[in-house]
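Take a look at the picture first, then read on.

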Protein chains: 2
Amino acid sequence: DRFWFSISDLDILLWAQGIALGMKLDVKIFEPDIWPLAVQGPKAEDVVVAVFGEAVRKTKFFRFDNLEFMGHKFLVARSGWSAQGGFEIYVDDAVIGVQLYDALAKAGKQFDIGPGCPNLIERIEAGLMTYGSDITRADTPLEAAMEQYVSLDADIDAIGLDAIRAVAKRGIDRRVCGLTIDGPKVPANRNPWPVKVGGKQIGSVTSAVWSPRLETNVALGQLAIGYTPVGTKVLVQTPAGEFSAQVSPVPFDGATKK
Amino acid sequence: DRFWFSISDLDILLWAQGIALGMKLDVKIFEPDIWPLAVQGPKAEDVVVAVFGEAVRKTKFFRFDNLEFMGHKFLVARSGWSAQGGFEIYVDDAVIGVQLYDALAKAGKQFDIGPGCPNLIERIEAGLMTYGSDITRADTPLEAAMEQYVSLDADIDAIGLDAIRAVAKRGIDRRVCGLTIDGPKVPANRNPWPVKVGGKQIGSVTSAVWSPRLETNVALGQLAIGYTPVGTKVLVQTPAGEFSAQVSPVPFDGATKK
């Protein structure tokens, strides 16, 4: 059997190697030469279809298919870190990979496709969390507001599942949520900003930015569970002063609309 | 029992957590709030003695002692990443830590002590390897020329020891060594440079710099084992052209002399 993990910023490979060693499993864990190529945005599906064919449309959110381009099978996943959705292609052949890049660029010409990177404003508007700031190793998927992606009742044997079940039973005491912060444009936040109610700190804002489209400051943070219902009024202590704020649904209004 | 690991750049903590999980060990692994403070250089011992007392002189290379400053016990280790040696102090109290910093600065005034960072030229002259370039996860201590720090015959049960013993028995096929590169000042190397003999690549240079003191280019690299004896002549392919080079003892001549 062969499994792929796409590990992002965390060196979870070392953790997997430790588990394999500790359990004396007969596995080989290695990092393959893979260069992920992301096609993201509202027209991503049309661009990827132009290169890989109509089959792409059937791939569900965070699922993948092995699709052919120039005789080579690429793993194409409907995943990625953008508000409008898109695809991540796992390029394992440098030569055909360059041809794939050119083909995608050509197919995307009508949509002005080009090299890009995540946009801070859009990221926060969409509620896309950053590992290391919005969520850390100390958070389970429950504190990270990702409970919809965890099957607590499934009859499977998974590391950590018992621990998460225990947390779910006991109830979490803090949770990631969205906030709109009143007042003028807030500065960039390098450190978490205290969030207070009645002079007592009840959480912190971990990402914040002025949204020109929504004409307000949008933010992500973790608050004590009693303060997470939408509409709860709090005070955020920014370097520019204390401003009133309120818990908002995430994604922020209209953020994922095309 | 309580063990401390000082993990440098590699997130080996995740590996340890994996092993503990896999072996179902009853351990708690966590990252404490520790800020290592290094006092390095030829006069480091005198400076640290001035603050922690004469006991410091008895601490052996890469050993440590718990020494008192202002009523607080600090772990003081004779370790660090400099050619002349020195000490690393594991500061676990922010307030007394600042007072310790001031006391060290005051004691070091006569030696012009001040904030500093590793020096690339001195690092290479001294043969101090960088994890990630000179050595990687693919190297055992044997390829890394660190066999003197490994007890292959000791009657201990250690993860990986059997594997290293097997490598030692079979013999390694490549090893880190020093090189002097002839010709003009070489540019900084961002990628490994091929090392050739008779038109065939037999290794690569991973770190190189012009040494004004030794008036030659000094370098670290890994070569096929047959080419590692001191004096072996090779060809190094740099972005500035191909230059003759020879395997050198490490540290490079005079690099660790006071």
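What follows is a short tour, from one whole chain down to single residues.

## Ground rules

This is a predicted model, so local features need pLDDT of at least 70 and side-chain atom pairs count only at pLDDT 80 or more, while totals for chains, interfaces and linings use all residues. Residues are numbered from 1 along each chain as its sequence is written, chains are lettered from A and ligands numbered from 1 in the order in which they are written, and side-chain values use heavy atoms, with hydrogens and water left out.

## Chain A at a glance

Let's begin with the overall build. Chain A has five helices and 10 strands; helices (H or I, at least four residues) and strands (E, at least two) are DSSP runs, numbered from the N terminus. Along the principal axes, the C-alpha atoms of chain A fill a box of roughly 65 × 55 × 30 Å. Of the 258 residues in chain A, 38% are buried, where buried means under 20% relative accessible area, exposed over 50% and partly exposed in between (1.4 Å probe, protein chains only).

Contact here means heavy atoms within 4.5 Å. Among the contacts in chain A with a separation of 6 or more, 60% are between residues 24 or more positions apart. The accessible surface of chain A is about 15,600 Å², and carbon and sulfur atoms own 54% of that (Shrake-Rupley method with a 1.4 Å probe; for residues, only the protein chains shown count as cover). As for charge, chain A carries 27 positive and 31 negative side chains, with the centres of the two sets 4 Å apart. Lys and Arg count as positive and Asp and Glu as negative, leaving out His and the chain ends; each charge is placed at NZ of Lys, CZ of Arg, CG of Asp or CD of Glu.

Over in chain B, the buried residues of α2(B) are Ala44(B), Val47(B), Val48(B), Val49(B), Val51(B) and Phe52(B). What do they pack against? The buried residues of α2(B) meet β1 (35-40), β2 (64-69), β3, β4 (86-91) and α3 (94-107) of chain B. Just past the helix, Gly53(B) has a positive phi of about 100°.

Across all chains, the whole structure holds 10 aromatic pairs. Rings of Phe, Tyr and Trp (its six-membered ring) pair if their centres lie within 6.5 Å; planes under 30 degrees apart are stacked, over 60 edge-to-face and the rest tilted. Phe52(B) and Phe74(B) make an edge-to-face pair, 6.2 Å centre to centre with 75° between the planes. This pair links distant parts of the chain, since Phe52(B) sits in α2 (residues 44-52) and Phe74(B) in β3 (residues 72-77), 22 residues apart. Phe52(B) counts as buried because its relative accessibility is 8%, and Phe74(B) is buried at 0%. Phe74(B) also pairs with Phe69(B): the ring centres are 6.5 Å apart and the planes at 50°, so this pair is tilted. Phe69(B) is buried too. In chain A, Phe52(A), Phe69(A) and Phe74(A) form one aromatic cluster.

In α5(B), which spans residues 161-170, Leu161(B), Ile164(B) and Val167(B) are buried. Why are they on the same side of α5(B)? Because they cover an arc of only 120° around the axis, going by the directions from the helix axis to the C-beta atoms. The other side of α5(B) has Asp162(B), Lys169(B) and Arg170(B), which are exposed. After the helix comes Gly171(B), with a positive phi near 95°.

Leu152(B) lies in the loop between α4 (120-126) and α5 of chain B. Leaving out residues up to four places away in sequence, Leu152(B) touches Leu161(B), Ile164(B), Arg165(B) and Ala168(B). At 24% relative accessibility, Leu152(B) is partly exposed.

Two residues of chain B have a positive phi without being glycine. Ala145(B) has a phi of about 60° and lies in the loop between α4 and α5; it is partly exposed at 23% relative accessibility. One joins Val250(A) and Pro251(A), with omega about -5°, and Pro251(A) lies in the segment after β10 (241-248) of chain A. In chain B, a cis peptide bond joins Val250(B) and Pro251(B), with omega also about -5°.
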